[in-house]
Amino acid sequence: MSDPTATQDLIKGADDPAASPVAVRDSQRSLWRDTWDILKRRKIFWISLVLLILFLLMAAFPSLFTHKDPEYATLSKSMELPSAEAWFGYDLQGRDVWARTIYGARTSIIVGVLATLATVVLGGLTGVLAAYFGRWIDAVVSRVGEMFLGLPYVLGAIIILGTIAPAQSNPSKFTIMTVVIVVLALLGWPILMRIARSAVIQAKHQDYVQAARALGAGPMRIIFRHLLPNSLAPILVYATITIGSFIGAEATLSLLGIGLRSPVISWGIAIADHKDYLRTGPHAMFFPAGFLSLCVLTFVMLGEAVRDALDPKLR
Amino acid sequence: MTEVLSEQMGRGSHGGALLEVDNLHVEFRTRAGVAKAVNGVTYSVDAGETLAVLGESGSGKSVTAQTIMGILDMPPGKVTGGEIRFRGVDLLKLPEDQRRKIRGEGISMVFQDALSALNPVFPVGWQIAEMFRMHRGTSRAEARKKAVELMDRVRIPAARERVNDFPHQFSGGMRQRIMIAMAIALDPEILIADEPTTALDVTVQAQIMGLLAELQRDSNMGLILITHDLGVVADVADKIAVMYGGRIVENALVHELYKNPAHPYSKGLLESIPRVDHKGQELYAIKGLPPNLLEMPTGCAFHPRCPYRRDNCVTDVPPLYTISGTRGSACHYWREVIDEGER
Amino acid sequence: MGRYAIRRLLQLVPVVLGTTFIINYMVWQLPGDPFAGRCGQRPCPDSYVTAMREQFGLDQPILLQYGNFLKNLLTGNMGTDFNGVSVASQLGDAWPITIRLALMAVAFEAVIGIGAGVLSGLKRGGFLDNVVTISTLFLLSLPIFVTGFLLQWLLGVRLGIITPTVPDEATVVQLIVPALVLASLNMAFTSRLTRTSIVENLRSDYVRTAVAKGLTNRRVVGIHLLRNSLIPVLTFLGTEVGSLMSGAIITEGIFNIHGIGGLLWTAINRQDYTVVVPVATLLVLVYLIANLLVDLLYGVLDPRIRYE
């Protein structure tokens with residue numbers, strides 16, 4: 001049946017530029033370019049980005065926002081309501097609430113970011129190793145993770161902080177912050193471990209990993225060059241949202257009195273100090289609480305925007 | 001079917017075939033533009049007949065079937081022209097609740113992947129019995145009995161013991177039989193099988209096709225078999241409609257097409273089948289890619305890949321030329337194609 | 001199903017042992033004086049120290065001591081607070097109101113959360129969907145105490161609709177606002193999870209099949225769609241028992257409810273770890289058991305899991 005002339009024509013047809021029937025979609029675009037294209041169109045992304053920059057500025061350069069000293073106390077002004085002179089009024093000790101709120105940003109954000117970093121490193125590493133090496137390493141890591149997951153975070157924090165670092169006399173700012181960061185990381189790593197583990201397990205079975213193995217790549221190389229970059233997306237999303245929830249968690253711990261304490265300045269401490277003064281002076285609590293909520297919202301919105309942009313099912 | 005509907009659709013009173021798709025046009029409005037999925041498709045099936053609809057992905061064969069059933073998502077889909085007549089009544093003009101009654105009772109459909117098409121959390125017997133309970137108000141006990149009977153009929157071993165099992169507990173072939181049982185439960189007049197064997201092994205394929213053929217003989221239902229596999233078609237079908245780019249490019253009786261195709265695309269498809277007596281030679285494939293439904297080529301949709309292409313192919317859309325009472329070809333030069341085949 | 005249940009039970013045992021061992025170790029076995037800072041601002045009274053030493057066998061080797069700890073826990077012996085009042089009896093007084101609060105919270109979570117999720121999932125992009133998305137975003141971001149204080153201040157102090165604190169013999173009506181606060185976070189998450197699940201399942205093949213079978217829309221959504229979509233949601237609600245307990249500590253503290261949470265709240269603020277540690281340990285165990293029950297429930301709901 002194969003007529004030589006027909007075959008010739010077919011070949012000719014293939015070379016003909018007009019014969020290219022399809023504007024062949026450029027399917028080589030990377031995931032990140034696609035994601036960016038989607039992201040930049042969404043309002044919520046830009047709103048949260050702007051807020052994020054504002055908060056970061058607040059944390060890095062508080063003097064841009066206020067000239068007052070957050071530690072300076074005038075007892076006679078205790079619990080004064082907001083006025084032209086002090087936009088947020090004065091707190092229990094007679095300190096300027098606006099100033100304390102601005103300066104509080106730094107601690108709260110630092111604790112949130114560092115705790116998240118520690119969680120990502122600890123959880124990410126264990127998750128990747130568990131997924132890559134599998135078998136008994138995986139079993140052990142998963143069981144240990146479950147044990148830590150068995151502690152809902154406030155309860156866990158209570159137990160840990162209550163047993164390890166009860167009222168030590170005059171601990172330094174640094175010690176206080178470190179303890180809180182460590183506790184948050186200890187309670188948060190199992191979830192991140194699971195995310196990293198499942199992302200890596202999925203990536204592990206892809207062909208390009210088998211190919212790399214066949215070419216003789218060692219485990220380290222495979223993990224760092226191939227598995228990690230492709231598992232990054234869900235980790236990144238979760239980390240962003242976690243920063244927000246850790247900032248909230250720090251405040252909750254401070255509220256309970258087991259988190260940060262004076263002389264540290266944070267939103268959580270400001271709220272904790274004034275929780276019993278709701279009737280007479282809500283302003284001292286609500287302004288820091290408002291900033292806290294807005295900051296958490298910023299990170300959560302940002303994380304969600306990125307996640308929606310990364311999700312192939314929503315395209 | 002309800003009394004009212006059956007009266008409306010008096011058998012044979014309209015003088016046409018049981019199911020007629022007439023010049024159907026379906027579009028999809030997407031963010032990237034309008035995709036013309038179905039462009040003037042016409043075919044028909046009568047009782048006891050098997051029509052095979054052949055085409056690659058994107059040819060519009062599944063979209064047409066789903067439009068017949070009325071299960072297409074609209075939006076983004078939209079029927080922009082044509083009629084679908086079932087017993088003479090245009091389904092597209094029926095109100096939704098009447099159309100719904102026809103589904104399962106008048107026209108039924110079997111899907112490709114039974115594992116995802118069956119509901120994973122309900123036992124298979126329950127899902128089959130649902131047809132009786134919902135359409136006919138049958139009691140639970142009676143419906144269950146019928147479900148077991150159906151499972152027997154499609155040759156599922158130990159039906160009575162397995163009626164409470166879940167879909168994932170069956171093999172692929174068994175699951176497909178369950179889907180078929182569900183589809184023929186109410187003795188529909190037309191069964192549409194959308195790639196029923198694509199996901200199955202070759203041996204199981206043959207069994208399922210055999211089952212479909214047998215069921216059809218027993219109940220005299222019309223069967224529309226949608227597939228891209230020429231091998232499957234040859235045994236079962238009476239007539240074939242070949243689709244490309246949302247259009248029918250050729251229709252014919254099965255033996256007519258296999259003996260001598262009248263369209264370059266059909267010809268290409270047949271030549272792509274590996275043949276034992278061509279051992280050692282390079283496998284043949286149609287050059288090029290299927291058309292982008294968002295930017296269809298001008299004129300004949302196949303022209304970029306066609307060895308018979310002339311100038312007017314690029315500008316003039318070929319209608320379905322009538323070759324005989326049973327044959328048509330949408331190619332300006334169908335005569336040439338046939339003549340060459342005869343040499 | 002039976003085999004699945006037994007497997008899950010067996011898996012629970014090492015986790016429980018491990019967790020309680022860790023807790024026990026941290027409480028009693030860390031180097032240094034285990035009683036430092038446990039009794040508020042002053043050192044623990046000697047009577048207390050001797051009593052605890054004896055009860056918990058603190059001078060014995062680790063494993064024996066751990067065994068003792070377990071035994072005590074299982075027999076409900078949780079020691080006394082530093083005033084000599086039995087912790088177990090305090091718990092006994094406190095748990096009824098907490099159970100009531102928790103049940104109400106779960107009811108709110110389930111009804112409002114699932115309801116909002118289903119409605120917004122079915123009409124994606126609609127007005128309701130946008131309202132739900134934005135409000136859940138807020139609820140998710142606000143730490144529970146912010147919601148709590150806000151509502152307490154707004155409804156209690158400013159508008160006087162409710163009493164800012166809840167009396168001991170609280171009626172169900174008086175518990176509504178605290179229950180809403182307790183439920184707020186999970187309610188928001190549930191609604192999102194439901195919405196996502198519904199949107200995903202709407203696209204699935206079995207929904208298409210159900211429509212092709214000629215079933216009414218109501219049946220397709222109400223039976224086929226919902227049954228599948230709710231699986232992850234119901235399991236989530238179950239696993240969130242833990243966060244309910246954490247949230248109860250704060251909620252009961254804010255509204256001055258004398259439940260288990262309130263007990264913990266006061267104890268923490270007073271740094272009375274003699275109460276904190278046993279109660280917290282108990283709550284952890286409750287959480288682990290609740291997780292087991294949820295896993296079993298999952299097995300009932302999703303037949304695919306049973307045969308793994």
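A search of the whole structure, which is a predicted model, finds 24 salt bridges over all chains. Two of the salt bridges fall between chain C and chain B, and several others described below lie within chain B, including the pair B:Glu250 and B:Arg327. By contrast, the count of disulfides over all chains comes to zero.

**Salt bridges within chain B**

- B:Glu250 and B:Arg327 form a salt bridge in which the closest N and O atoms are 2.9 Å apart. The pair links distant parts of the chain, 77 residues apart: B:Glu250 belongs to strand 10 (residues 247-253) of chain B, while B:Arg327 sits in the loop between strand 11 (321-322) and strand 12 (328-329) of chain B.
- B:Glu250 counts as buried at 0% relative accessibility, and B:Arg327 counts as buried at 11%. Both values fall in the buried class because that class takes in residues under 20% relative accessible area.
- A salt bridge also joins the side chains of B:Arg310 and B:Glu336, at 2.7 Å from N to O. B:Arg310 lies in the loop between helix 12 (264-272) and helix 13 (311-315) of chain B and B:Glu336 in helix 14 (residues 334-342) of chain B, so this pair ties together parts that are 26 residues apart in sequence.
- B:Arg310 is partly exposed, with a relative accessible area of 36%, and B:Glu336 is likewise partly exposed, at 28% relative accessibility.
- Salt bridges that share partners draw B:Glu20, B:Asp22, B:Glu83, B:Arg85, B:Asp90 and B:Lys93 into one network.
- Within this network, the side chains of B:Arg85 and B:Glu83 meet at 2.6 Å, N to O. B:Arg85 counts as buried at 19% relative accessibility, whereas B:Glu83 counts as partly exposed at 27%.

**Surroundings of B:Asn39**

- B:Asn39 has its place in strand 2 (residues 33-45) of chain B and is buried, with a relative accessible area of 8%.
- The side chain of B:Asn39 reaches the backbone oxygen of B:Gly245 at 3.2 Å.
- Leaving aside neighbours within four places in sequence, B:Asn39 is in contact with B:Leu24, B:His25, B:Gly245, B:Gly246, B:Arg247 and B:Met296.

**Cysteines of chain B**

- No disulfide is found over all chains. B:Cys306 is in no disulfide, and its nearest cysteine sulfur, that of B:Cys331, is 5.8 Å away.
- B:Cys306 counts as buried at 11% relative accessibility, as does B:Cys331 at 7%.

**Contact between chain C and chain B**

- The contact takes 21 residues from chain C and 25 residues from chain B.
- About 2100 Å² is buried between the two chains, chain C and chain B, and carbon and sulfur atoms give 61% of this area. In chain C, the residues that lose the most area to chain B are C:Arg208, C:Ala212 and C:Lys213, which together give 27% of what that side buries.
- Between chain C and chain B, 11 residue pairs are in polar contact (both at pLDDT 80 or more). The elements giving two or more residues to the side of chain C that touches chain B are helix 8 (205-212), helix 9 (217-239) and helix 13 (303-306) of chain C.
- By class, that side of chain C has nine nonpolar, five polar and seven charged residues.
- The count of salt bridges between chain C and chain B is two. The side chains of B:Glu130 and C:Arg219 meet in a salt bridge at 2.5 Å, N to O.

**Fold of chain A**

- The secondary structure of chain A comes to 11 helices and zero strands, giving the pattern α-α-α-α-α-α-α-α-α-α-α along the sequence.
- Of the 315 residues of chain A, 50% count as buried.
- Among contacts in chain A with a separation of 6 or more, 73% are between residues 24 or more positions apart.

Note on methods
Residues numbered from 1 in each chain as written. Chains lettered and ligands numbered in written order. Predicted model: local features only at pLDDT ≥ 70, side-chain atom pairs only at ≥ 80, totals over all residues. Heavy atoms only, no water. Contact = heavy atoms within 4.5 Å. Buried area = accessible area lost by both parts, 1.4 Å probe. Salt bridge = Lys/Arg side-chain N within 4 Å of Asp/Glu carboxyl O. Polar contact = N/O pair within 3.5 Å; in protein donor to acceptor, adjacent residues only side chain to side chain. Helix = DSSP H or I, 4+ residues; strand = E, 2+ residues; numbered from the N terminus. Nonpolar A, V, L, I, M, F, W, Y, C, P; charged D, E, K, R; others polar. Buried < 20%, exposed > 50% of the residue type's maximum accessible area, 1.4 Å probe, protein only. Disulfide = S-S within 2.5 Å.
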